[in-house]
Amino acid sequence: MSQENRDVLDVLKFELKFLQDGGYGRSVRTPWRPTFVFEDSVTCPNFGDPARPHPCDQCLLMEFVPENMREQRVPCRFIPLTANGETVDHYYRAGTQPEMEEALALWLRTQITRIEREREQGKKQ
């Protein structure tokens with residue numbers, strides 16, 4: 001999906017709705033494989049293409065990836081979702097799907113609120 005004309009706020013709102021609608025549950029097309037957060041969403045520039053032809057730096061979510069994790073194969077897995085620094089990767093290794101979805105929903109709501117406030121303050125100046 002082209003990222004050129006997309007707004008990060010719209011992407012985050014889409015992700016929240018996708019999550020709330022059960023988008024990260026088991027796929028009907030591939031029920032034998034887990035659904036991966038961010039990677040299996042149309043947010044990902046490589047959505048639906050296992051060859052991953054698009055570099056991750058074209059993704060709007062890269063601004064949330066810590067600088068030292070941007071060279072990872074799938075950098076969006078290293079977005080800190082909690083104040084303690086738990087990431088999607090952390091939940092894959094040591095958490096449960098419900099725990100990850102709860103942390104992801106809270107993170108998405110927090111980022112959406114932050115960006116909306118920043119934009120509103122920018123309009124007032």
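1. Cavity lining. By class, the residues around the largest cavity split into 10 nonpolar, two charged and no polar. The lining includes Phe38, Leu61, Met62 and Val74, along with Cys44, Cys56, Cys59 and Cys76. Pro45 and Pro75 line the cavity too, as do Glu39 and Arg52. Keep in mind that this is a predicted model.

2. Cavity count and volume. One cavity reaches 30 Å³ or more. The largest cavity has a volume of about 100 Å³.

3. Phe38. This residue is on the cavity lining. Setting aside residues up to four places away in sequence, Phe38 touches Cys44, Leu61 and Cys76, among others. Other contacts of Phe38 include Ile79, Leu104 and Trp107.

4. Nonpolar side chains tend to be buried together in soluble globular proteins.

5. Ile115. Where does Ile115 sit? Its place is in helix α3, residues 97-124. Is Ile115 buried or exposed? Its relative accessible area is 5%, under the 20% cut-off, so Ile115 counts as buried. Beyond neighbours within four places in sequence, Ile115 is in contact with Val8, Leu9, Leu12 and Phe64. Leu12 is 103 residues from Ile115 in sequence, yet their C-alpha atoms are 10.0 Å apart.

Definitions and conventions: Residues are numbered from 1 along each chain as its sequence is written. This is a predicted model: local features need pLDDT of at least 70, side-chain atom pairs count only at pLDDT 80 or more; totals for chains, interfaces and linings use all residues. Side-chain values use heavy atoms; hydrogens and water are left out. On a 1 Å grid over the protein atoms alone, a cavity is a set of points where a 1.4 Å probe fits but cannot get out, and a pocket is an open set with protein on both sides within 12 Å along at least five of seven lines; lining residues have an atom within 4 Å of a point. Grid points are joined across faces, edges and corners, and a volume is the space filled by probe spheres set on the points. Ala, Val, Leu, Ile, Met, Phe, Trp, Tyr, Cys and Pro count as nonpolar, Asp, Glu, Lys and Arg as charged, and the others, Gly among them, as polar. Helices (H or I, at least four residues) and strands (E, at least two) are DSSP runs, numbered from the N terminus. Buried means under 20% relative accessible area, exposed over 50%, partly exposed in between (1.4 Å probe, protein chains only). Contact means heavy atoms within 4.5 Å.
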